[in-house]
Amino acid sequence: MSEQSTSSQAPDRTPRVVIVGAGIAGVQTAVALREQGWRGAITLLGDEPHQPYDRPPLSKAVLLGKADGSAFDVDFAALGIDLHLDRPVTALSPRARRVETADGPVPYDYAVLATGAAPVMLPGSEGLPGVHLLRTLDDAERLRPVLAAQHEIVVVGAGWIGAEFATAAREAGCAVTVVEAADRPLAGALPPEVAGHMTGWYADAGAELRTGARVASVAPGAVTLQDGTTLPADAVVVGIGARPATGWLAGSGVEVSPQDGSVLADGRLRTSVPDVYAVGDCASFPSARYGSRLLIHHWDNALQGPRTVAENIVRGGTEGLVYDPVPYFWSEQFGRFVQYAGHHVDADELVWRGDPTGAAWSVIWLRRGRLVALLAVGRPRDLAQGRKLIERGVALDRERAANASVPLKSAAL
């Protein structure tokens with residue numbers, strides 16, 4: 001196994017923080033530790049051979065050949081961060097206080113689990129030529145020539161990643177068919193009355209969307225649906241979700257959700273094992289704001305959580321910070337900038353701002369009159385104002401909130 005390592009003698013080699021995962025959550029944890037005054041050792045273990053990189057550009061800029069990558073602008077050596085690439089972790093041994101790898105154990109005083117999530121494979125498609133996922137830089141590099149050749153592509157799944165990939169493929173001139181088992185796009189993320197207005201975006205962009213379409217089988221050059229329809233496919237891109245990458249924790253004592261596979265972190269992002277934290281896509285946490293446990297597979301969570309983890313480690317076990325953010329994410333698809341803030345599941349009222357058949361509109365969710373979530377399409381000002389209102393737990397005047405010409409902040413009571 002090849003390994004690349006950059007290291008610099010830290011001011012104090014003990015105690016040691018070992019961070020498992022070199023995506024944004026892992027990198028930001030390492031950087032935040034230094035920013036908050038941690039003077040001990042920091043070891044960052046990544047399972048890919050590439051320098052740590054950001055993922056959002058993969059679904060457009062890298063795919064379309066407009067960028068070769070998206071490496072983080074971090075001087076790991078200067079920060080005293082010992083970075084090991086191409087070094088996957090195989091187990092956690094809390095009693096011995098070490099992380100196990102094929103190249104030997106790595107001892108820790110504090111461990112941070114930041115392994116992210118792994119894409120869900122389409123059953124029966126593993127190892128088939130022409131079937132792709134889009135999660136890593138290598139995935140994007142393999143798909144780049146497919147788009148450049150303007151192939152006929154079938155996308156399985158009309159979620160966020162499926163829509164973003166379909167957007168890039170259409171921009172490259174590919175013929176695109178998207179198949180979705182549910183009756184609408186984004187079925188797992190948005191209610192029917194909202195997601196239904198996004199269905200037409202596919203046709204507007206020249207992509208075919210087939211809803212209520214389940215895949216029966218995949219073979220080289222074709223996708224067969226359960227109704228017997230066969231779709232020609234020079235390539236198949238699977239985007240049917242992701243699951244926390246936590247299988248390697250079996251037997252460690254770290255409590256993992258039997259439902260979604262996430263590490264069950266507490267409000268301070270501590271796991272059930274002493275001195276082990278979890279952050280980013282692999283971890284769920286209890287939200288007092290929303291009264292439920294949240295698992296957030298989005299970039300902003302992987303950016304914000306590390307600050308809490310770092311401060312709590314630096315405090316050394318004293319009463320730490322509680323992590324309870326307003327979830328936020330964005331998506332660029334079919335010429336539209338879509339943003340979402342909050343958590344709408346327990347809302348009791350939905351209010352429209354603008355015409356959802358138009359180019360720019362928003363929808364807000366209220367619970368007992370207070371703003372709890374907002375989706376903005378081409379209305380970034382609504383999002384920015386709404387996010388602050390959600391953070392403050394503000395009640396809104398419904399009539400003013402429904403008037404798209406009135407700034408959302410002016411609807412606050």
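Reply: Leaving aside residues up to four places away in sequence, Arg-400 touches Arg-353, Val-406, Ser-410 and Ala-411, where a contact means heavy atoms within 4.5 Å. The model is a predicted one, in which local features need pLDDT of at least 70, side-chain atom pairs count only at pLDDT 80 or more, and totals for chains, interfaces and linings use all residues. Residues are numbered from 1 along each chain as its sequence is written, and side-chain values use heavy atoms, with hydrogens and water left out.

Arg-400 is placed in helix 8, residues 398-401; helices (H or I, at least four residues) and strands (E, at least two) are DSSP runs, numbered from the N terminus. With a relative accessibility of 37%, Arg-400 counts as partly exposed, given that buried means under 20% relative accessible area, exposed over 50%, and partly exposed in between (1.4 Å probe, protein chains only). A polar atom of the Arg-400 side chain lies 3.0 Å from the backbone oxygen of Ser-410. Arg-353, another of the residues touched by Arg-400, is 47 residues away along the chain, and the two C-alpha atoms are separated by 9.6 Å.

Turning to the charged pairs, a salt bridge is a side-chain nitrogen of Lys or Arg within 4 Å of a carboxyl oxygen of Asp or Glu. By this rule the count is 17.

Helix 2, residues 137-148, holds Arg-142 and Asp-139, whose side chains meet in a salt bridge with an N to O distance of 2.7 Å. Arg-142 is partly exposed at 49% relative accessibility, whereas Asp-139 is buried at 10%. Helix 2 also contains Arg-144 and Glu-141, again 3 residues apart, about one turn of the helix. Their closest N and O atoms are 3.8 Å apart in a salt bridge, and Glu-141 is partly exposed, at 32%.

A further salt bridge joins Arg-336 to Asp-204, with 3.8 Å between the closest N and O atoms. Arg-336 belongs to strand 24 (residues 336-342) and Asp-204 to helix 5 (residues 199-204), so this pair ties together parts that are 132 residues apart in sequence. Arg-336 is buried, with a relative accessible area of 18%, while Asp-204 is exposed at 61%.

Methods. A polar contact is a pair of N or O atoms within 3.5 Å; within protein, one must be able to donate a hydrogen and the other to accept it, and residues adjacent in sequence count only if both atoms are side-chain atoms.
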